There are 4 protein chains.
Amino acid sequence: MPGNSFGTLFRITTFGESHGHAVGVIVDGVPPLLDLSEEDIQKELDRRKPGQSEVGTPRKESDIVHIYSGVFQGKTTGTPLMMILYNQDTRPGDYEAIARLFRPGHADYTYHKKYRIRDYRGSGRASGRETAARVAAGAVAKKILAQRGISIIAYTLRAAGIQCRTFDPGVIEKNPMRACDPEAAEKMVERIRRIKEERDSVGGIVECRIRGVPPGLGEPVFDKLDADLAKAMLSIGAVKGIEFGAGFRAADMRGSEHNDQMNAQGFLTNNAGGILGGISTGEEIVFRVVVKPTSSIARPQRTIDIDGNETEIITEGRHDACICPRIVPVVEAMAAIVIEDHYKRQEAMWK
Amino acid sequence: MPGNSFGTLFRITTFGESHGHAVGVIVDGVPPLLDLSEEDIQKELDRRKPGQSEVGTPRKESDIVHIYSGVFQGKTTGTPLMMILYNQDTRPGDYEAIARLFRPGHADYTYHKKYRIRDYRGSGRASGRETAARVAAGAVAKKILAQRGISIIAYTLRAAGIQCRTFDPGVIEKNPMRACDPEAAEKMVERIRRIKEERDSVGGIVECRIRGVPPGLGEPVFDKLDADLAKAMLSIGAVKGIEFGAGFRAADMRGSEHNDQMNAQGFLTNNAGGILGGISTGEEIVFRVVVKPTSSIARPQRTIDIDGNETEIITEGRHDACICPRIVPVVEAMAAIVIEDHYKRQEAMWK
Amino acid sequence: MPGNSFGTLFRITTFGESHGHAVGVIVDGVPPLLDLSEEDIQKELDRRKPGQSEVGTPRKESDIVHIYSGVFQGKTTGTPLMMILYNQDTRPGDYEAIARLFRPGHADYTYHKKYRIRDYRGSGRASGRETAARVAAGAVAKKILAQRGISIIAYTLRAAGIQCRTFDPGVIEKNPMRACDPEAAEKMVERIRRIKEERDSVGGIVECRIRGVPPGLGEPVFDKLDADLAKAMLSIGAVKGIEFGAGFRAADMRGSEHNDQMNAQGFLTNNAGGILGGISTGEEIVFRVVVKPTSSIARPQRTIDIDGNETEIITEGRHDACICPRIVPVVEAMAAIVIEDHYKRQEAMWK
Amino acid sequence: MPGNSFGTLFRITTFGESHGHAVGVIVDGVPPLLDLSEEDIQKELDRRKPGQSEVGTPRKESDIVHIYSGVFQGKTTGTPLMMILYNQDTRPGDYEAIARLFRPGHADYTYHKKYRIRDYRGSGRASGRETAARVAAGAVAKKILAQRGISIIAYTLRAAGIQCRTFDPGVIEKNPMRACDPEAAEKMVERIRRIKEERDSVGGIVECRIRGVPPGLGEPVFDKLDADLAKAMLSIGAVKGIEFGAGFRAADMRGSEHNDQMNAQGFLTNNAGGILGGISTGEEIVFRVVVKPTSSIARPQRTIDIDGNETEIITEGRHDACICPRIVPVVEAMAAIVIEDHYKRQEAMWK
């Protein structure tokens, strides 16, 4: 099966290239009678759009969403929801120079090898712009989950080597890093500004917390809740790893230390990150993803062209020096899609 | 959809509980005319079976595989391959004591919450024994991949806080830890012996390397090769995280450092771990998974019973103090299933 | 994807060849806490088994079902149900003669072309025996549906050119044709006896009625309830067509005649066969399938061998002169699987 | 899973309501480097569009297709193809009157029962207009199949009680009925004109022939080629039955008559309709579907409103008196999608 769909009972299929006519998504499995407007979607898209701060790209994509089907008189009808964002502010001239070159860290080489043809303009289908479609779909999932009492927040936990030391959800949307610690956020911005001046980029870690998930979500043995979240996260271009709860620290831990003991009030710790045996425990679900440094940097790098000739490349253009703050809404969107899907699957089992 | 199947064109469905009649697997999508015998499968199963060393459990499961369909006169026929392993050496008496208790770190609580009934004997469906079915299926995938020139090896990279410093594939199957560094292996064994005496357990890290994968495998945007590998790995009970290539180190790296530059001979580095934009680059695929400490420990831990009453539990029984060496063949099996599936998907695209 | 699975939320995967070790099925998606025993399954299997009457084959397959997983202390656990039937009374000698020949009307030729290898013993995977696995799975679905107030009956409506003129569900299991009209049944038996003496076979029509289905089942636009029933029925080897409600008669009908008008008590007619726009209306679901004459006949027929040489073949062996009565439980089983699957899907939509 | 997708390796997902903003389709699994333009699609759409003749509706839908993704510089890129048709000539006033009534023969009642909300304008999602999206997707499949040497033609075999007596493929597109016999076509037109004057409608039978399919397509045991064709056809709103080859006539046939014998040149007959055991034989694939009379008729019919009150309804508007000629391209489109999908699946098996 081709790979542009995700989910089972709540299922999305995205389409579109960065500099083609549009990007968009069909969401199949939206329950009927949900109040839904373009504003519901737009507010999430605005969090992902470029041009929000100096750590990001100055590109202005309008990212205006249109709902073309599945809503009637302000309510969903149970039929497929198609949402589209037309592409604007495309400057093909920026990209013609690299039509024949493989930018290091980009998917240029692999798309060329896989498909023998690629829309090289702005990375085409491999562009981060494709995630706008996911954020639109995720906004629908988040709205449904909110009615179920489930909330999802993601934030930058670490960037440019600076770690958040405090966790204040109230500050996340108030600093350009979407960090959970305002002091760390300031340091991150400062350091990233310097890195940007050096024509370089840097990575980070985004953490996600999901509250209100009842125990019982996740389908052993393969469609475990953590397995599906891992797939969802690794399907985001810049993400190179994921860990749940204690995560990689568990490698050095003892069973007596890692096991989450219980008393009548519940679990005493949450090293499992809210998932045991692939099924939600009812505790907060906690995971972290590592975000690689943005591949596009305005420095000379060694590469080859499509004929195999060696050359150097400088990726000019308008790019994010650290993509973490813009990955945050994408992580939330994909997490929402997974949780909503598994919520329905669990309910269906008992019917 | 229920969650007991994995893969698309090469698709497995497992069944069975630890102390039921049998565990097994249907493999659908095996090409016809492949020479296949029970010996091909058995040799992989023997690597997973318990009782191989002092770091593992002394339980003796015979783990004898039977092929019941899909093979005729020594060759596969293209019809479903059903492989079964009957359960033996089951001692239900060991488990009756815990029928009403939730063992910390186990899936007891979540299965109880999800299904309101569970086969509590030996963890039932949540038992590591279910992975024997995966190893059987993976053995088929590995045999096919070998004919394609693709090899997969996994090994313990770290356990009980001890990291391998060298990488010698020849030693992996020659030490009880399946570590890639014989000196580290010795230290691991020694330390785990002490931990076992303390009635405790410990975690570790398993690394996997896949060689010979041509560029082009992986289906953007959701069924990326790394996304499907991540799902496969997180579907293994004890795995709590995964990272590709530079992995979590990428959080602190610069773009100029993380980007894998190219010359006419290929990539100069492999921070991407062999996957860019979700598609294989042709470089070695490298990932690591973190394995949590075995949950079953013979120490008193706080827990509750199914009526919510507080109590203490000591998980007696025969358990692995560090499960890494027995996870190794499971990691290889699941990786083989993912790679074979994507190999077919890529070939199908061009047909 | 390989083709040995069917269904989404209630999903079956069958395995096994007619003269291999066993045939069987994994059912994934059985709800937990359902009382289930081998007797529940066996009674349906006994309706399908050969040797029930003179119109059928005198072969005695014991068809004893074993449940190997998914049931604990007499109740389902929500984990995969594996059911197996060991093959017995296999006489390979009967089949060696045809190892290199293509029997007319059989799948020998197409399996040879598709797979380049085939287990020719008793038609291998293409044998009607594979449907025993479906009947086992269907027995589970029927048990669940009964609790939902949904009942399914199929019966021979026509065979050997004789049409039932009355409909009495009470007689179906009391005559060897499983016909709904006892007088027609007698004539059918008589005529088929003569056809059998002529070393020939004959076809028929099986009708199915499903009662108690609430309005709303079926997922437009592709997974319509009639579309999925059609797929299920055409997946039965001997079935060559299906029609719903007025069926092919609708070709000559006027809209004013075919449209089912309504009053406050419901629909005045049921030309739609209980399905409108792919969704159940709440009326009885009615469809008919045409069953081709059994391909195995003990008469000389022209054919070729696997090298293309012309020859004649006489299919000796023990075969059903009219397969309709044994198709009846298979039709019911597949219908039950479709209805249960869609029931869950409809429920899931509203969750 | 929601039901708006069809196919596995060649997979389509449609969206849109009749009188919403647009209808359209995402096609996933189109091979890269195929020359593809909007003209390729438009020519098929023009065959389906309304207003072509007096037997059809006088509505003028422009049905102009736009390709929004998946094509770059005139060639497909292997990424999802999104095609959209904006809705025009919508006259909501025509439909407000029936917002609260269930038109007999329509999906109004079942959509209301299933979703508790429906876009009643022009039947919304249940409109025949949704099939425009299928025809667009089918045009892509047909183009690929043509390169494989596979051709698909469908035509009206019977309408208003008149049967074609000759088969001349050259005349199909030259008469308004798309019948294969020009004399029968004339009679059909004449009779349908009278039926139309009587404010009534009538049904018919569409036959489809597929040439050039190699032996081996179809995946036993469930995804048989005929099973998937049956599902595809029954997913078309007006289709109420399907039969392959000899079809329902097989009910009265003997095995000696129905079996297709072989000589060195191939099959001597084609009662199987080109499919044995669910796998293509290499012979022409032949099937027929029954098309019910158009539900919308301008005669008073008894019905109820959404509150259950009895009333009468006259479905005014511009409707086809016999939908057969416009179903023809939809049948071809769905057949093409099935064949292309199975072609890829068969190729994938051998890779």
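Reader: Where in chain A does UniProt place the feature "binding site"?
Author: Keep in mind that this is a predicted model. The annotation comes from an unreviewed UniProt entry. Going by that entry, the positions are R125(A), A126(A), S127(A), G277(A), K292(A), P293(A), T294(A), S295(A), S296(A) and R318(A).

Reader: How many Å apart are the farthest two C-alpha atoms of those positions?
Author: The positions span 194 residues in sequence. They do not all gather at one spot, because the farthest two C-alpha atoms are apart by 43.9 Å.

Reader: Take S295(A): buried or exposed?
Author: S295(A) sits in the loop between β16 (285-291) and β17 (301-304) of chain A. The cut-off for a buried residue is 20 or more other C-beta atoms within 10 Å. S295(A) has 26 of them within 10 Å, so it counts as buried.

Reader: Moving on to chains A and B, which element gives the largest share of the side of chain B that touches chain A?
Author: The contact takes 85 residues from each of chain A and chain B. Elements of chain B that each supply at least two residues include α3 (108-115), β10 (204-211), α6 (225-234) and β11 (239-244). By class, that side of chain B has 34 nonpolar, 30 polar and 21 charged residues. The largest share, six residues, is from α6(B).

Reader: What kind of axis relates chain B to chain A?
Author: Chain B can be laid on chain A by a turn of 180 degrees with a shift of 0.0 Å along the axis, and the RMSD is 0.0 Å. That is the relation of an axis that is two-fold.

Reader: Which C-alpha of chain B is nearest the axis?
Author: The same surface serves both copies, with 100% of the contact residues of chain B recurring in chain A. In chain B, the C-alpha nearest the axis is 2.5 Å from it and belongs to K231(B).

Reader: How many residues of chain B are in contact with chain D?
Author: By class, the side of chain B that touches chain D has six nonpolar, one polar and three charged residues. Chain D puts ten residues into this contact, and the count from chain B is ten.

Reader: What is the strand order in the open sheet of five strands in chain B?
Author: The pairing in that sheet is antiparallel. β1 and β4 (65-69) are its edge strands, each pairing on one side only. β1(B) pairs with β2 (residues 11-16) over two bridges, with F6(B) opposite I12(B). The order is β1-β2-β3-β7-β4.

Reader: Over in chain D, what is the bridge partner of I67(D)?
Author: Four of the five residues of strand β4 (residues 65-69) of chain D are buried, so that strand is largely enclosed by the rest of the structure. β4(D) pairs with β7 (residues 81-86) of chain D over four bridges, in the antiparallel sense. The bridge partner of I67(D) in β7(D) is M83(D).

Reader: Last one: how many of the residues of α8(A) are buried?
Author: Helix α8 (residues 324-350) of chain A reaches 39 Å from its first C-alpha to its last, close to the 39 Å expected at 1.5 Å a residue. α8(A) is largely enclosed by the rest of the structure, because the buried residues number 25 of the 27.

Key. Residues are numbered from 1 along each chain as its sequence is written. Chains are lettered from A and ligands numbered from 1 in the order in which they are written. This is a predicted model: local features need pLDDT of at least 70, side-chain atom pairs count only at pLDDT 80 or more; totals for chains, interfaces and linings use all residues. Two residues are in contact if their C-beta atoms, placed from the backbone, lie within 7 Å. Ala, Val, Leu, Ile, Met, Phe, Trp, Tyr, Cys and Pro count as nonpolar, Asp, Glu, Lys and Arg as charged, and the others, Gly among them, as polar. The expected span of a helix is 1.5 Å times one less than its number of residues. A residue is buried if 20 or more other C-beta atoms lie within 10 Å of its own, exposed if 12 or fewer, and partly exposed in between; C-beta atoms are placed from the backbone. Two strands pair if DSSP finds at least two bridges between them. Copies are superposed by least squares on the C-alpha atoms of residues with pLDDT of at least 70 in both. UniProt positions are given in the numbering used here, feature names are shortened, and annotations may be inferred rather than shown by experiment.
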